[in-house]
Amino acid sequence: MAAVDAQFYWMAAKIPSDQFLLYAFAGEPAHFDAAADAVSDRARACPALTMRVDDGNPLTYPRWVSGTPPPPVIHRLDRADWTGCLDAVAALGERQLDARVMPWRLHLFPGVTDIPGAGTGTVAVLQVAHALADGGRASALAAWLFGRPDPVPDVPVVPRGFLPRRAVAAARAHRRLDDDIAAGVIAAKSGSRPLLSTNAQPDGPRTLRTVVRRRAQLTGPTVTIAVLTAVGTALAAHLDEPTDTAGAEVPMAKPGPRLAHNHFHNVSVGLYPRLDPAQRAERIADELTAARRRAEHPATAAADRAFAAVPAPLLRWGVGRFDAATRPDQVSGNTVVSSVHRGPADLRFGDTPVVLTAGYPALSPAMGLTHGVHGIGDTVAISVHAAHAALDDVDAYLRHLEAAL
């Protein structure tokens, strides 16, 4: 297992991080059991879905070993409308996966009513341990399960290298990055921000909500920028506190070939609620572009190579020292906006076509409000995951977000 994936695996014991990828299909298959069996057959044909974790040696990194794909779990809901289904998905977060047994599981919800754009249909939720996949790779695994013909590529096993040599190379590359920042060639990272109520410890009930738009209804150069612009407006309208410094963490794919199951980093962007939407979108776009340029600097790859060479006992010890109860004085973001385009609307469950896909980024000790932005075809789902301690009236916030969108 790559070091970054092992870190996700070990950290999951302190901060639950399972991903929940939702797919809604129009109608119910003519033969539901046969459709579920077809998904299981495709799982058995995908090497990435026939693995589990072996972590039996404290002196080495965990290993991926052969495993048996779990059968789908079929949920019959007492309240089988769209909101009731989202409530059931939120409850799944209380049952995190043990990746030593199964690093993924598919949940099926038949007969869900009031699905946006579909009426009554089937909702499928792929629960994935973060060590197995980041958002992009998890989306590719789900697409394979639901019929997309593109196989999910294996992640190569890369030699770890010698940490002192790689650490020296990383330090030199970082000095070059500092020089480039001082010369104005590369923009510096955004600084930390004051906490807002959205950074509260995520205690109390957790709520999921999703609104659906067509791509043409979103104003902005990209879907991600359009939603970030709207989130700035919605937070300023909803929160009874100053939001001038509000910012968001945005997961961004790393450049270069994938060398681990998790191939992304988080960047921080300002939300600039005082600017008009057009100016705000421009500032956000500039910050995202600057973050991509920093990621392409040789210092980033050098730091990744050094981290990959950290001995397993040292990284395991470091994760063990992490105290999830410690509250920070500053944060890199007051919310999360995670955006993934999941490709064309070519997925099917049995004979039923996909109508939308959504996702709900996990909460963490200093992050009680997150947003998911997920597109399939020209349909975009904008989702909210909130803890009561951070956002006591999710539906009121959602109304602000819908108006801003």
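Which residue in β16 is the bridge partner of valine 373? In this predicted model, the bridge partner of valine 373 is isoleucine 382 of β16, and the two residues belong to a pairing between strand β15 (residues 369-376) and strand β16 (residues 379-387), which run in the antiparallel sense and are joined over eight bridges.

These two strands are part of an open sheet of six strands with mixed pairing, in which the order is β8-β16-β15-β12-β9-β10. The edges of the sheet are formed by β8 (206-214) and β10, each of which has a single partner strand, so that one side of each is left without a neighbour in the sheet. When direction is ignored, neighbouring strands of this sheet are turned against each other by 20 degrees on average. Helix α7 packs on the sheet, where it touches β9 (247-253) and β10, and the direction of α7 makes about 145 degrees with that of β10.

Two further helices, α1 and α9, provide a case of helix packing. Two packed helices are described by the angle between their axes and by the distance between those axes. For helix α1 (residues 3-11) and helix α9 (residues 312-321), the angle is about 35 degrees and the axes lie 10 Å apart, while the crossing of the two helices is right-handed. On the side of α1, the contact involves Ala3, Gln7, Trp10 and Met11, which meet Ala312, Leu315, Arg316 and Val319 in α9. The residues of this contact divide into six nonpolar, one polar and one charged.

Helix α6 (residues 223-238) has 16 residues and reaches 22 Å from its first C-alpha to its last, which is close to the 22 Å expected at 1.5 Å a residue. Of the 16 residues of α6, 13 are buried, so the helix is largely enclosed by the rest of the structure.

Backbone geometry was also examined at individual positions. Most residues other than glycine have a negative phi. Aspartate 114, although it is not a glycine, has a positive phi of about 65 degrees; this residue is placed in strand β5 (residues 104-115) and is exposed, with a relative accessible area of 54%. Tyrosine 272 likewise is not a glycine and has a positive phi, here of about 45 degrees, but tyrosine 272 is found in the loop between β10 (264-270) and α7 (277-295). With a relative accessibility of 19%, tyrosine 272 counts as buried, because the cut-off for a buried residue is under 20% relative accessible area.

Key
Residues numbered from 1 in each chain as written. Predicted model: local features only at pLDDT ≥ 70, side-chain atom pairs only at ≥ 80, totals over all residues. Heavy atoms only, no water. Axes fitted to C-alpha atoms, helices over the stretch in contact; angles between N-to-C directions. Helix = DSSP H or I, 4+ residues; strand = E, 2+ residues; numbered from the N terminus. Left-handed = near helix turned anticlockwise from the far one by under 90°. Contact = heavy atoms within 4.5 Å. Nonpolar A, V, L, I, M, F, W, Y, C, P; charged D, E, K, R; others polar. Buried < 20%, exposed > 50% of the residue type's maximum accessible area, 1.4 Å probe, protein only. Expected span 1.5 Å × (residues − 1). Pairing = 2+ DSSP bridges.
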